[in-house]
Amino acid sequence: MISPSRSKTWQKLASHYLNLHQNGTTVSKLCNNDAQRFENYQVKIDGVLLDYSKNFVSQQSLSLLRDLAKEAKLSDAIKAMFRGDKLNTTEKRSVLHVALRTPLVDADPRYNADVQACLEQMSGFVKRVHDGLWKGYTGQAITDVVNIGIGGSDLGPAMAYAALQRWKIAHIDTHFVSNLDPSHMHACIDSLDPATTLFIVTSKSFSTLETRQNAELARKWFLASSGSKTHLDKHFVAVTSNIEKACEFGIAQENIFPMWDWVGGRYSLWSAVGLSIALGLGMETFRQLLNGARIVDEHFRDAPFEANIPVIMGLQAVWYSDFVGANSQAILPYSQELALFPAFLQQLEMESLGKSVEIDGSRLLVPSGPIVWGSAGTNGQHSFHQFLHQGTHYIPADFIGVVTPPYPDDADQHNLLLANCFSQSQALMEGKSQKEAFHELVAQGMDEAQAYKLAKHKVIPGNKPSNTLLLDSLCPQTLGSLVAIYEHKVFVESVIWNINAFDQWGVELGKQLSEKLSSALNSRAPCVAFDPSTNGLINYCRTQND
């Protein structure tokens, strides 16, 4: 495939942006000069609405971006993913997280069979725990589940569990431990009863440093109470592809759930990695989550580009990163239940798109993907929204709102939340001119000379773009759809940039180096093996701990 920045359409888009800019086009003008802007710039699927009318795009912009997608053979790439082609070229793996929630037609039938077998295994296990038939070593039922994982084995399940607390199983509390810092594990287990606690060790290799160390710490804590390794299989299960290592740890083979090399970690919450979701929220809730993702899978696979939510959002991201000059993306869920969603998207987007070479190994000549960050509204309005409104950086924003209040008795307060969500996107688009600020101050009784000086500080440039994603309600289905939208959006971006979104070699380097440094920290001899800075840090820590 031709490098994206050398394509004919790429050059047309660059010229198109210059024309828009030189003609004084703004988001506000585009929106306010078209009475049908909302109707023409929105897509609705089951339970989710995308409003992209407050974007710095015209119909010509969108048409050129779709031409770019055609030139990049996006349709072929989508078919290849659903077919099971090895799109992860550096690791020679298929990319089939879609198989976890959408039965495949053109791929090897074993994928569908493996997924169904896993779901049946999960269902049987979850039912035994919920019914109290799974007993701990003292004969008591399980009351607490601790998921031990990191990255995709933690962020997705933790986000979903937090977002869907209204579906929580009353007699089961679920906890998530990821950080190598032992204080994270101790903060969790110090208040638990070993006799009624179940640990899920989630690691494809069963050797991920953070997960393995935390699992060892959990086992030590458990054995201090139970006194016998023979009880481990009642309190530890695993989600892994390394059955041998899990069994060596003390986990019974029948309590090991599969992980497949055709599912990347950051796309794995739909697999047995979601066991903690099913235990904490119920298997039916987990199946509804899968169903929400399936709705988006079919939409992404079948809808034309002009009405395809992930395609529209992915092409927008390319537009802002490579033509408009944005290097950052704000994710602003106006729902406290979605507070962990920005952190989840950080891994999904930045680990996938943080690449500097194209699929053939040649240097990527354009920026690939923005810095993703954000927090729940309205809290963000009182921390970083000032930066969005009056700062010098150009930052597109995705606002995520929920139409139906989760607690009907609080509908008025929920409407205030929505009003804040909509007013923030409106303010980013429209801003406030110096003239408007001046007249506003004079109307408040301020002297004109003072008003003139102060008005300069109250100018808000506006012309900042945003999407608004509205969920009819926040439920398992719409959460599944929301996550799948962003998964496919990332895939669209990767196809346009001609990069592999499914490996993460930068993560591996840090793991390799940490093993060498760990040995140096535990050594008695002065460290001289590394660079002067690293040697100094290691020697300082060893001196302080002697």
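Trainee: Which residue is the bridge partner of Ala238 in β7?
Mentor: Strands of a sheet pair through backbone hydrogen bonds, either parallel or antiparallel. Here the partner of Ala238 is Ile256. Strands (E, at least two residues) and helices (H or I, at least four) are DSSP runs, numbered from the N terminus. Before we go on: this is a predicted model, where local features need pLDDT of at least 70, side-chain atom pairs count only at pLDDT 80 or more, and totals for chains, interfaces and linings use all residues. Residues are numbered from 1 along each chain as its sequence is written, and side-chain values use heavy atoms, leaving out hydrogens and water.

Trainee: How many bridges join β6 to β7?
Mentor: There are 2, and the strands run parallel, with β6 covering residues 236–239. Two strands count as paired if DSSP finds at least two bridges between them. The open sheet has 5 strands in the order β4-β3-β5-β6-β7, with parallel pairing. At its edges sit β4 (173–177) and β7 (256–257), each pairing on one side only.

Trainee: Which helix packs on the sheet?
Mentor: Look at α8, residues 182–189, which touches β3 (144–148), β4 and β5 (197–202). Contact means heavy atoms within 4.5 Å. The direction of α8 makes about 170 degrees with that of β4; axes are lines fitted to C-alpha atoms, for helices over the stretch in contact, and angles run from 0 to 180 degrees between N-to-C directions.

Trainee: Which residues touch the most other members of the largest nonpolar core?
Mentor: In soluble globular proteins, nonpolar side chains tend to be buried together. A nonpolar core is a set of buried Ala, Val, Leu, Ile, Met, Phe, Trp, Tyr and Cys residues joined through side-chain atoms within 4.5 Å. Buried means under 20% relative accessible area, exposed over 50%, partly exposed in between (1.4 Å probe, protein chains only). Of the 122 residues in this core, the answer is Trp319, Phe341, Leu479 and Tyr486. Helix α19 (residues 476–497) gives the largest share, 12 residues. A second, separate core of 21 residues includes Val146, Val201, Phe206 and Ile251.

Trainee: How many disulfides does the structure hold?
Mentor: A disulfide is a covalent bond between the sulfur atoms of two cysteines. The count here is 0, using a cut-off of sulfur atoms within 2.5 Å. For Cys31, the nearest cysteine sulfur, that of Cys421, is 15 Å away.

Trainee: Is Cys421 buried or exposed?
Mentor: Cys421 is buried, at 0% relative accessible area.
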